[in-house]
Amino acid sequence: MRLDVYFGAHSVTSADVQGRVVVVIDVLRASTTIAVALAHGARTVIPFESADEAVTRSKSLARGDYKLAGERKNQMIPGFDLGNSPREYTREAVEGKTILFTTTNGTSALIAVQPAREVLVGAFVNFTAVSAMLRAAARAQSDLAIIAAGSDRHFSLEDAVCAGRFVRSIRRGITDVSMNDGAQASVQLERRYANDLPRLFAESAHGRALADMGFAEDLATCAQLDGYPVVPVYHDRQVTKLGPDRER
Ligand code: MLT
């Protein structure tokens, strides 16, 4: 089976993901926020490329049923209900709600991989849960692709390290794996930071930018390994939590 890592959704073609099981990673912060929202009972998270598209969709929903959410330049979009800080996605704020979500990289990365057979959303906060799904797919000889969404359309250290952790976990006990150079590089990077996520965020450009903007507590949330053990699945243009009704 093939196991490839791609850095940035813009570098991914349909052929790279067609028929594969794909995981999209945007540790800081979109994929962490999606996991936290679903863990706290959000009904669904619908990704949009633009704020206008999210607002247009909101007009077809009752006001109490949705939250307009997301960021530009890391800050909440004016007029929206929530930003992209996972700490805002409390049970009180999101339980039962449809989250209409647009972020700079994470949501476009999800939209870009729609030709995939199955799309999961991964981060450190739901690492083991998502990893178990990927390992099961690998054992069934499905080809896998890991999309490290990056920051401002560029490579980001934290997504690459999280990708490397997935690669290491998927390969355990599986011998016939062919990997691209992205997968091999991510494993090397992961070795450097494996057990020190605070150091990873302190050394990554996006981590430092978030801390400078007053989001240091978000970094602590994003570093909670397996703190929100949900499996978010992107299907029919929306992300829902894998639960008993969708369990295989
Ligand atoms: C993104 O999707 O680009 C990020 O999640 C940005 C952020 O940290 O808010």
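This is a predicted model: local features need pLDDT of at least 70, side-chain atom pairs count only at pLDDT 80 or more; totals for chains, interfaces and linings use all residues.
**Helix packing**

Two packed helices are described by the angle between their axes and the distance between the axes. Helix α7 takes part in both pairs described here. The table sets out the two pairs.

| Helix pair | Residues | Axis distance | Axis angle |
|---|---|---|---|
| α6 and α7 | 127–139 and 157–171 | within 9 Å | roughly 50° |
| α7 and α8 | α8: 181–193 | 7 Å | about 100° |

Take α6 and α7 to begin with. Their axes come within 9 Å and cross at roughly 50°. That angle makes α6 oblique to α7. The crossing is right-handed. On the α6 side, the contact is made by F127, V130, S131, L134, R135 and A138. On the α7 side, it is made by C162, R165, F166, S169 and I170. By class, the residues of this contact are seven nonpolar, two polar and two charged.

Now α7 and α8. Their axes lie 7 Å apart, and the angle is about 100°. An angle of 65 to 115 degrees counts as roughly perpendicular, so α7 is roughly perpendicular to α8. From α7, the contact takes L157, A160, V161, A163, G164, R165, V167 and R168. From α8, it takes A183, S186, V187, L189, E190 and Y193. These residues divide into nine nonpolar, two polar and three charged.

R165 of α7 is listed in the contact with α6, and R165 is also listed in the contact with α8.

**The cavity**

The count comes to one cavity of 30 Å³ or more. The volume of the largest cavity is about 40 Å³. Its lining consists of V24, D26, A30, S31, I34, G106, L110 and V121. Two elements give two or more residues to this lining: α2, at 30–39, and α5, at 106–112. The helix α2 gives the most, with three residues. By class, the lining of the largest cavity has five nonpolar, two polar and one charged residues.

The largest pocket has a volume of about 300 Å³. It is lined by 23 residues. Closest to its centre are N74, N105, S151, D152 and H206. The elements that give two or more residues to the lining are α7 and α10, the latter at 205–212. The largest share comes from α10, with three residues. The lining of this pocket has six nonpolar, 11 polar and six charged residues.

**Backbone features**

Most residues other than glycine have a negative phi, and most peptide bonds are trans. Two places in this model depart from that.

Which residues does a cis peptide bond join? The bond lies between L28 and R29, with omega about 0°. R29 sits in the loop between β2, at 21–25, and α2.

Where is the place of N74? N74 is in the loop between β4, at 66–72, and β5, at 75–76. N74 is also among the residues closest to the centre of the largest pocket.

Methods
Residues are numbered from 1 along each chain as its sequence is written. Side-chain values use heavy atoms; hydrogens and water are left out. Axes are lines fitted to C-alpha atoms, for helices over the stretch in contact, and angles run from 0 to 180 degrees between N-to-C directions. Helices (H or I, at least four residues) and strands (E, at least two) are DSSP runs, numbered from the N terminus. Angles under 35 degrees count as roughly parallel, over 145 as roughly antiparallel, 65 to 115 as roughly perpendicular and the rest as oblique. A crossing is left-handed if the near helix is turned anticlockwise from the far one by less than a right angle, and right-handed if clockwise. Contact means heavy atoms within 4.5 Å. Ala, Val, Leu, Ile, Met, Phe, Trp, Tyr, Cys and Pro count as nonpolar, Asp, Glu, Lys and Arg as charged, and the others, Gly among them, as polar. On a 1 Å grid over the protein atoms alone, a cavity is a set of points where a 1.4 Å probe fits but cannot get out, and a pocket is an open set with protein on both sides within 12 Å along at least five of seven lines; lining residues have an atom within 4 Å of a point. Grid points are joined across faces, edges and corners, and a volume is the space filled by probe spheres set on the points.
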